[in-house]
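Let's take a walk through this structure together, one region after another. Keep the sequence and the 3D view side by side as you read.

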Amino acid sequence: MDRISLLTRSLGLAPLAAAAAATTAIASAPLPPEKLCLIGSGNFGSVVGKIMAENVKLRPDVFDPEVRMLHYILLPTTQWVFEEMINGDRLTSIINEKNENVKYLPNIKLPQNLIAHPTLLNAVEGATLLVFVVPHQFVKGICDQIRGTLRSDARAISLIKGVDVSSKGLELISDIIKEHLRCDVSVLMGANIANEVAQEKFCEATVGYKVKENGMMWKQVFNTRYFRVTTIDDVAGVELCGALKNVVAIAAGLVDGLKYGDNTKAAIIRIGLSEMRKFSKQFHDGVKDETFFESCGVADVITTCFGGRNRKVAEAHVQTGKSFEQLEAELLNGQKLQGTLTAREIYMILAPKNLTGEYPLFTQVYRICYEGARAATIIDL
């Protein structure tokens with residue numbers, strides 16, 4: 001005899017009344033809390049972890065109080081095989097004991113409920129909300145390792161600013177995650193210099209979603225008084241803005257290094273934003289014009305062209321004559337330079353289609369980065 005039948009007899013209720021009572025009891029039961037896992041713990045990853053850990057404490061009715069943060073060494077083979085050591089101590093241990101990422105976000109106190117893990121499978125165990133903040137070239141390797149281990153109700157969000165080029169053509173990182181993990185994937189992009197966000201200086205970010213309820217959930221995860229989150233039904237548009245603006249920032253940095261002045265830099269930014277919009281709409285259906293007026297669009301282009309790592313390295317390339325690869329190692333403290341890689345991937349899409357002439361800025365950045373063209377040719381458009 002099932003539980004509802006037993007309940008009927010014990011209470012003297014008719015079967016339909018008993019079933020209704022049981023259904024009401026189930027519906028009124030509190031939902032289990034959402035469990036968050038942050039995959040990545042670099043500069044921006046640590047900042048995001050700080051925000052997430054602060055927010056879950058404010059909503060104990062919605063979120064589990066612990067946020068797990070994966071930390072590991074990424075190698076060119078897309079595998080991580082050892083934990084990062086700082087003066088003989090494991091960085092994960094330092095983060096958990098001192099509540100500070102002393103390498104990637106020094107002098108910023110992290111919440112005690114942000115717990116660093118060195119092992120991927122342990123970090124994602126039981127998670128319902130996965131946040132990806134790693135260089136885009138490592139995403140497939142990560143997804144391959146956790147495929148089939150996630151809960152059926154898991155959802156993900158990508159904060160990764162890049163695209164992938166394969167035999168299929170242009171692939172969004174969110175689509176790669178969705179294909180590998182079989183879950184809904186949103187994106188978050190915006191004008192967010194990590195150290196300024198860590199210092200709680202006001203800024204905005206944009207969540208692009210396909211499922212509105214998930215977009216609203218991610219807003220709860222990230223929105224604070226100093227990190228204001230807006231949402232828009234345009235995953236592709238938000239994500240492409242986040243990737244393509246790094247190429248524009250390379251161009252802006254070259255202009256700075258050449259000391260061409262503010263007028264030239266403004267022109268480069270305008271041309272770059274125009275090519276971003278054209279490329280996004282040409283290669284992905286459904287991208288909305290209004291997306292380019294969100295934080296992920298024009299605001300992120302401006303911020304990155306004045307304060308980001310891509311601009312910094314491009315300027316140093318002009319000033320020192322050193323390669324982008326060498327400057328990445330010297331200046332970025334283990335972080336990755338995304339603009340040069342994205343420029344190459346864009347070129348791989350445009351060249352076979354004989355479209356390089358329609359995107360002169362993107363093409364010239366590629367030629368300076370990979371074909372030895374002089375930096376001064378950035379204005380030969």
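Aspartate 164 has glutamate 171 in strand 9 as its bridge partner. The two strands involved, strand 8 (residues 163-166) and strand 9 (residues 169-172), run antiparallel and are joined by 4 bridges. A hairpin of 2 residues leads from strand 8 to strand 9. A word on terms: strands (E, at least two residues) and helices (H or I, at least four) are DSSP runs numbered from the N terminus, and two strands pair if DSSP finds at least two bridges between them.

What you are looking at is a predicted model, in which local features need pLDDT of at least 70 and side-chain atom pairs count only at pLDDT 80 or more, while totals for chains, interfaces and linings use all residues. Residues are numbered from 1 along each chain as its sequence is written, and side-chain values use heavy atoms, with hydrogens and water left out.

Next comes an open sheet of 8 strands, with mixed pairing and the order 5-2-1-6-7-10-11-12. Strand 5 (114-117) and strand 12 (227-232) stand at its edges; each has a single partner strand, so one side of each is left without a neighbour in the sheet. From one strand to the next, the twist averages 25° (axes are lines fitted to C-alpha atoms, for helices over the stretch in contact, and angles run from 0 to 180 degrees between N-to-C directions). Within this order, strand 10 (residues 185-189) pairs with strand 11 (residues 203-208) in the antiparallel sense over 3 bridges. There you can find valine 187 opposite glycine 208 of strand 11.

Isoleucine 193 lies in the loop between strand 10 and helix 8 (194-198). Its relative accessible area is 23%, which makes isoleucine 193 partly exposed (buried means under 20%, exposed over 50%, partly exposed in between, with a 1.4 Å probe and protein chains only). Although isoleucine 193 and asparagine 43 are 150 residues apart along the chain, their C-alpha atoms are separated by 9.7 Å.

On a 1 Å grid over the protein atoms alone, a cavity is a set of points where a 1.4 Å probe fits but cannot get out, while a pocket is an open set with protein on both sides within 12 Å along at least five of seven lines; lining residues have an atom within 4 Å of a point. The structure holds 1 cavity of 30 Å³ or more, and the largest cavity has about 40 Å³ of space. Its lining consists of Lys35, Leu36, Asp64, Glu66, Arg68, Ala123, Glu125 and Ala127. Strand 1 (34-39) and strand 2 (63-70) are the elements that give two or more residues to this lining, and strand 2 has the largest share, 3 residues.

The second largest pocket has a volume of about 160 Å³. Among the residues that line this pocket are Leu31, Asp61, Arg151 and Met217.

Finally, how many disulfides are there? The count is 0, where a disulfide is a pair of cysteine sulfur atoms within 2.5 Å. The sulfur of cysteine 241 has its closest cysteine sulfur in cysteine 296, 4.6 Å away, which is too far for a bond. Cysteine 241 is buried, at a relative accessible area of 0%, and cysteine 296 also counts as buried, at 0% relative accessibility.

Conventions:
Points joined across faces, edges and corners; volume = space filled by probe spheres on them.
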